[in-house]
Amino acid sequence: MITIDALTKRYGDFAAVDDVSFTARPGRVTGFLGPNGAGKSTTLRVLTGLATPTSGTATVLGHRFADLPDPGHEVGVLLDASAQHGGRTGRETLVLAQRTMGLPPTRVDDMLDLVGLTRAEAARRVRDYSLGMRQRLGIATALLGDPQVLVLDEPANGLDPAGIRWMRDLLRTFADDGGTVLLSSHLLAEIEAIADDIVVIGGGRIVASGASEELLSGTGTLVRADDAAVLAAALTDAGHQATRTDDVVLTDAALTDAGHVAFRAGIPVTELRAADGAGLEEMFLELTATTQRDATGAAPAPTGAAA
Amino acid sequence: MTSTTTSPATASPTSGTSDVARRRVPGPVPFGRLVGVEVRKTGDTRSSRWILLALGLLAAGACAVVLGFMPSETWTYGTFLDQISYPLALGIPMLAVLSVAGEWGQRSALTTFTLVPRRGRVVAAKAAVAAGYVVVTMALAFGLAALCTLVAGAAAGDDAASVLWDVPVGQQLRLVLFMAVAMAVGFTLAVVLRHTAAAMVGYLLIALVLPNLSSLLASVQDWYRDAAPWVEITSAQYNLLGPDAPTGEQWAQLGTTVLLWIVLPLTLGVRRLLRVEIR
Ligand SMILES: Nc1ncnc2c1ncn2[C@@H]1O[C@H](COP(=O)(O)OP(=O)(O)OP(=O)(O)O)[C@@H](O)[C@H]1O
Ligand SMILES: [Mg+2]
């Protein structure tokens with residue numbers, strides 16, 4: 001169980017995390033989704049006691065992380081796979097954690113097997129590891145103490161497709177066994193594939209949260225039109241809810257109703273489909289675009305919600 | 001800018017299992033375990049192994065230089081000890097620097113402090129290890145000097161025997177204190193700067209450049225001349241060496257310089273380290 005409550009973290013005047021609240025529950029994988037610079041890592045740093053909040057609280061298993069007596073046994077943490085001593089071997093990195101936690105030495109080999117690092121690889125220095133290997137080593141460190149809670153910041157970074165699949169299965173099993181998983185990502189597809197609950201953060205604020213089914217399985221309809229504002233007004237006049245994002249309108253009207261409204265209003269529709277997941281996707285793209293990182297003039301082509 | 005969204009309360013209701021309730025609380029990490037881990041860390045990276053190896057080689061080399069190049073009249077325990085100690089005084093603090101600043105340079109602090117969020121305990125463990133290294137290194141240095149003295153005695157014949165063992169216990173203890181101060185300066189710099197190269201350079205500046213700088217300033221600034229011995233640590237530290245015990249005034253000067261260069265910055269540095277964001 002992870003509880004973030006009204007958490008704010010300021011750097012000077014800039015609020016990297018702004019009044020964020022959410023819960024990650026046992027037995028579920030909670031995906032923490034947000035574009036670059038949204039405040040995911042900052043939130044997780046505060047959660048794990050590496051940064052102090054400006055206000056608000058973050059607790060794990062009912063306690064501040066810093067108050068956990070031997071946190072490795074309760075919370076597995078992987079915040080940054082590249083933050084490991086390059087001069088140590090992979091095995092030595094694990095041995096240090098194993099000794100800190102007072103675990104039997106055999107745990108080290110168990111974890112190496114679990115994350116798929118060979119003995120030869122483990123004998124190499126971390127400096128010479130690929131990003132994917134570091135990620136595996138980091139996951140091994142996180143799992144070493146057999147914790148009930150996992151906090152992972154972009155764990156899929158650098159993993160090959162088989163590795164991503166492996167990690168999904170691992171996290172699924174972990175949650176099914178009653179564990180709490182909080183993992184961040186800036187990729188919607190990745191979160192979709194694994195998360196039971198989704199928390200979306202943008203510009204330091206929570207913009208959406210809920211169970212994946214609720215957020216992803218759109219009950220409504222997506223309509224794309226050049227005259228989206230007029231369309232949205234027409235839909236509202238017809239008694240439907242409508243939310244416009246640039247040239248896309250999301251509405252709770254059924255497909256046919258939405259089509260009829262558009263036709264009566266004389267608005268050419270360029271796309272009309274069930275919204276499934278599109279709401280989240282559009283919102284996320286919008287969120288990403290407003291951070292103006294790779295904003296090219298044209299709006300990014302929607303790919304449709306990957307199932 | 002136009003995005004508006006649903007925002008139902010936090011995640012969905014789920015089965016009532018509370019991991020908070022069935023949490024099995026581990027005991028706190030014992031301090032001895034932390035010390036053990038920190039000891040291991042001083043020898044498990046290339047850089048730390050290099051420093052340990054270099055210290056050993058320099059110490060052994062110092063003996064060899066004395067035996068090979070210095071006249072046999074000078075072959076005394078004191079000479080060997082001096083020659084061995086000189087590289088150690090520069091080298092030992094580097095262990096503290098690597099131990100503390102290395103956590104930041106290599107960013108392993110991220111793992112270290114998520115496993116032990118009470119950062120003060122990690123710092124204390126590192127300090128204990130640093131102190132241990134001073135004791136062990138000096139014990140080895142005394143042993144090596146004694147060994148070299150025996151070798152020298154055998155080589156020189158009986159006539160030198162009367163002057164071979166010329167260092168009283170008090171002087172040897174003061175040498176250990178000298179090393180402890182050196183180690184503490186390195187430790188302090190590492191805590192304050194949290195940057196390996198900067199702390200190493202900083203230490204060399206204090207050990208090698210500061211005394212000259214200080215006497216230069218004293219020679220041109222009257223107001224500083226009287227203050228210098230009370231604020232400049234390296235000279236105060238060197239008062240510990242040699243056959244004569246420091247005078248009461250010299251002990252007091254060591255006290256003020258240690259306060260100024262170690263106690264004060266270390267206190268501020270540790271307080272900062274306990275709070276600083278680790279990224
Ligand atoms: N120590 C700091 N000082 C100033 N600003 C900071 C600091 N740490 C983070 N920020 C800012 O806070 C914001 C959130 O950063 P954060 O690393 O939490 O984002 P993120 O969601 O993890 O992004 P990414 O997907 O790129 O990892 C960014 O704008 C970043 O520049
Ligand atoms: Mg991040």
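These legends describe close-up views of a predicted model. Local features need pLDDT of at least 70 and side-chain atom pairs pLDDT 80 or more, while totals for chains, interfaces and linings use all residues. Residues are numbered from 1 along each chain as its sequence is written, chains are lettered from A in the order in which they are written, and side-chain values use heavy atoms, with hydrogens and water left out.

**View 1. Helices H2 and H3 of chain B are roughly antiparallel to each other.** The axes of H2 (residues 46–69) and H3 (residues 77–105) of chain B come within 8 Å and cross at roughly 170°, where angles over 145 degrees count as roughly antiparallel.

**View 2. A:Phe22 and A:Phe32 form a tilted aromatic pair.** Their rings lie 5.0 Å centre to centre, with 40° between the planes; rings pair if their centres lie within 6.5 Å, and planes under 30 degrees apart count as stacked, over 60 as edge-to-face and the rest as tilted. A:Phe22 belongs to strand E2 (residues 14–24) of chain A and A:Phe32 to strand E3 (residues 29–33) of chain A, and both residues are buried, that is, under 20% relative accessible area.

**View 3. B:Arg194 lies over the face of B:Trp104.** The distance from the ring centre is 5.6 Å, and a charge sits over a ring if NZ of Lys or CZ of Arg is within 6 Å of the ring centre and within 35 degrees of the ring normal. In chain A, A:Arg136 lies over the face of A:Trp166, at 5.2 Å from the ring centre.

Methods: Axes fitted to C-alpha atoms, helices over the stretch in contact; angles between N-to-C directions. Helix = DSSP H or I, 4+ residues; strand = E, 2+ residues; numbered from the N terminus. Parallel < 35°, antiparallel > 145°, perpendicular 65-115°, else oblique. Phe/Tyr/Trp six-rings, centres within 6.5 Å; stacked < 30°, edge-to-face > 60°. Buried < 20%, exposed > 50% of the residue type's maximum accessible area, 1.4 Å probe, protein only.
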